[in-house]
Amino acid sequence: MKRILLTACGGPATISYTRSLRDADPDKSQFYLIGIDCDPFNIHRGEVDKSYLAPPANDPDYIDFLCEIIHREKVDFLHSQPEIEAYEIGKNRERILATGCRLFMPSQSSIDKLRNKWESYLIWSNAGIRVPKNIFLKDEDDLLRAYELFGNDIWIREIIGAAGKGSLSRPNFNSAKSQLDKNNSWGKAVAAEHLTRETTTWQSLWHEGRLVAAQGRQRLSWAFGNRSQSGVTGLTGIGKTFSDTKLDDLAIACIKSADDKPHGIFSVDFTLDKQGIPNPTEINIGKFFTTHHFITKAGCNMPYIMTKLAFGEYEGSFEIRNPCDPELYWIRGIDTLPVLVKKSELEEKKTDYDMIMKTLNSPSVND
């Protein structure tokens, strides 16, 4: 039985990973799952066989702690979903590998470049890939220049961080300056032309420069978007499977412009501009999207594929593009399990509704 260590085991992204492995191994004969989490409450949501409270990733003892758990639990493979933990593990990968524990990660140079949204923008811009113009905000003069260029149709976000960190949608100048001051974000944020609210994503898994599997997904809404000034929370509320060969080619170009031999997970976020053209906004490097259990349930279990790759046991196909049926919907909410729904099921409810409303609005035969 393979012993797998998962970080942030009580978080939704890691739970997606855990559930994907459980789907592939329902009788728990292949995998024994160990989790760590720095949150003393969230850890109890973890769906693992054993868990440990851990220091946060920015703690000086974090890597020592990981190595101790790996030694104590005889861990065979380690995977991390949170960006900061994947970054720290990547930086210290030689120490992890020296324990005998396997990793399946992109190169550290790719992690360093692609977790930084400003660096990603420069890479894509230099490669001739269509991206919204960005301005690096070192000081108030840069912010003034951004407003001169974009007017109030402006988007501001921090260059490192997940879940829409530091994002502002069309703020006025004083509001933007106030938040940048408050969060000490000068030199850590960019301003860009505001795109539309239409987004799509492309989750992919690579092995030594070769595409293994990829699946497109459209995001129809952000969960709790009404709780954020920008409307972006980094948490998909409703998503649906999506397939487009042009998007496939664009996503691959985005990835290979940054890494000519990609290895590991590269999950590309796109936002459509006002002409309906997808613009890359970031790559989630070394981690699957939070809702990747959706893709598993739709028919492509990438966490299981990756685990088999890590152990040199993968015997499946390569160059798998959009294997999931189109227009499958993943509907999420708080305190409820997500549900996978076909388009026909949505249409059936709408047909019933229309019939009832037609009856209500029709003249009575007795009138």
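Q: Which residues does T241 touch, leaving out those up to four places away in sequence?
A: In this predicted model, T241 touches Q215, G216, R217, F294, A298, C324, D325, P326, E327 and L328.

Q: Where is T241 found?
A: T241 is in strand β11, residues 236–242.

Q: Buried or exposed?
A: Buried. The relative accessible area of T241 is 1%. The cut-off for buried is under 20%, so T241 qualifies.

Q: Which backbone nitrogen does the T241 side chain reach at 3.0 Å?
A: That of E327. The T241 side chain also reaches the backbone nitrogen of L328, at 2.9 Å.

Q: What separates the C-alpha atoms of T241 and P278?
A: 16 Å. The two residues are 37 residues apart along the chain.

Q: Switching to rings. How many aromatic pairs does a search of the whole structure find?
A: Eight. Take W118 and F136: the ring centres are 5.4 Å apart and the planes stand at 35°, so this pair is tilted.

Q: Which parts does that pair tie together?
A: W118 lies in helix α6 and F136 in strand β5, residues 134–136. The pair therefore links parts that are 18 residues apart in sequence.

Q: Which residues form one aromatic cluster with W118?
A: Y121 and F136.

Q: And W118 itself, buried or exposed?
A: W118 counts as buried, because its relative accessibility is 19% and the cut-off is under 20%.

Q: What about N116, where is its place?
A: N116 sits in the loop between α5 (108–114) and α6 (117–126). N116 is buried too, at 13% relative accessibility. N116 touches I159 and I160, not counting residues up to four places away in sequence.

Q: Which charged ends sit over rings?
A: Among them, the charged end of R210 sits over the ring of F318, 3.9 Å from the centre. The charged end of K2 sits over the ring of F311, 5.1 Å from the centre.

Q: What stands opposite K2 in β2?
A: F31. Strand β1 (residues 2–6) pairs with β2 (residues 31–37) in the parallel sense, over five bridges.

Q: In what order do the strands of that open sheet run?
A: The order is β3-β2-β1-β4, four strands with parallel pairing. β3 (50–53) and β4 stand at the edges with a single partner strand each, so one side of each has no neighbour in the sheet. On average, neighbouring strands of this sheet are turned by 20° against each other, direction ignored.

Q: How do β15 and β16 run?
A: Antiparallel. Five bridges join β15 (residues 328–333) to β16 (residues 336–342). I331 stands opposite V339 in β16.

Q: Which residue takes a positive phi in that hairpin?
A: D335, with phi near 60°. The hairpin has two residues between the strands.

Q: Last topic, helix α3. How many of its nine residues are buried?
A: Seven, so the helix, residues 83–91, is mostly covered. The buried residues are E83, E85, A86, Y87, E88, I89 and G90.

Q: What covers them?
A: The cover of the buried α3 residues includes α2 (62–73), β4 (77–79), α4 (93–98) and α5.

Key: Residues numbered from 1 in each chain as written. Predicted model: local features only at pLDDT ≥ 70, side-chain atom pairs only at ≥ 80, totals over all residues. Heavy atoms only, no water. Buried < 20%, exposed > 50% of the residue type's maximum accessible area, 1.4 Å probe, protein only. Contact = heavy atoms within 4.5 Å. Pairing = 2+ DSSP bridges. Phe/Tyr/Trp six-rings, centres within 6.5 Å; stacked < 30°, edge-to-face > 60°. Lys NZ or Arg CZ within 6 Å of the ring centre and 35° of its normal. Polar contact = N/O pair within 3.5 Å; in protein donor to acceptor, adjacent residues only side chain to side chain. Axes fitted to C-alpha atoms, helices over the stretch in contact; angles between N-to-C directions.
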